[in-house]
Amino acid sequence: MDLTLVTGGARSGKSNFAEKIVKENGKNIIYIATAIAFDEGMKSRIKKHRKERPSSWHTIERYKDFYSLKENNKFKEADTIILDCITIMVTNLILEKNIDFDNTSMDEIDSLENEIFLEIKELLKVLDEKKVILVTNEVGMGLVPSYKLGSVFRDIAGRVNQYIAEKADKVYFIVSGLPMKIKGED
């Protein structure tokens, strides 16, 4: 796998940079969108993202069960995959469990994290023979969340990002639209 991780803060220009990489290097492109349209704001963001993507890119909306992509003919034919974004994927996996985080045990949280890591490992395994660009938010540079769900999210997303960065051939950190390469060779 040729794996590139693009990380940075919210609205830092991560997606634009990742899409630029794909446009310059990919020919047969799959865009995996992990967002769920749960409110008007997210519906608007999704609509805007769809409009901005080239029509030649095939979009798959999915945040789990990546193994089933192996049966998708468009996926089989693709040489380049962009997934935007890992942190939204992690959020969806956390929230679908409907856990009362204020009253849950650490064992339950550990079990949840293990399930999320299984999805991440499955994703990387399925993408193994492709050129892959993953987009994620850097979650460790802000304030410490004052509520338990925020802390759980930050901890799991941070560990997921570390895991993917370790596996990645290249890692870029985006600040104010400017990329800084922090791992890999050109």
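I began with Arg159, which is partly exposed at a relative accessible area of 39% (buried means under 20%, exposed over 50%, and partly exposed in between, with a 1.4 Å probe and protein chains only). I noted that this is a predicted model, in which local features need pLDDT of at least 70 and side-chain atom pairs count only at pLDDT 80 or more, while totals for chains, interfaces and linings use all residues. Residues are numbered from 1 along each chain as its sequence is written, and side-chain values use heavy atoms, with hydrogens and water left out.

**Salt bridges**

I found that Arg159 meets Glu113 in a salt bridge at 2.7 Å, N to O (a side-chain nitrogen of Lys or Arg within 4 Å of a carboxyl oxygen of Asp or Glu). Glu113 sits in helix α5 (residues 106-126) and Arg159 in helix α6, so the pair ties together parts that are 46 residues apart in sequence; helices (H or I, at least four residues) and strands (E, at least two) are DSSP runs numbered from the N terminus. Glu113 itself is buried, at 10% relative accessible area.

The structure holds five salt bridges, and I looked up another, between Asp2 and Lys131, where the closest N and O atoms are 3.1 Å apart. This pair links distant parts of the chain, with Asp2 in strand β1 (residues 2-8) and Lys131 in strand β5, 129 residues apart. Asp2 is partly exposed at 29%, whereas Lys131 counts as buried at 18%.

**Pockets**

I then turned to the largest pocket, which has a volume of about 770 Å³. On a 1 Å grid over the protein atoms alone, a pocket is an open set of points where a 1.4 Å probe fits, with protein on both sides within 12 Å along at least five of seven lines, and lining residues have an atom within 4 Å of a point. Of its 32 lining residues, Arg11, Ser15, Arg45, His49 and Ile88 lie nearest the centre, and α2 gives the most to the lining, with seven residues.

The second largest pocket has a volume of about 160 Å³, and α6 supplies the largest share of its lining, four residues. Arg154 is among the lining residues, and I noted that Arg154 also forms a salt bridge with Asp155, the closest N and O atoms being 3.0 Å apart. Arg154 is partly exposed at 22%, as is Asp155 at 29%.

Definitions and conventions. Grid points are joined across faces, edges and corners, and a volume is the space filled by probe spheres set on the points.
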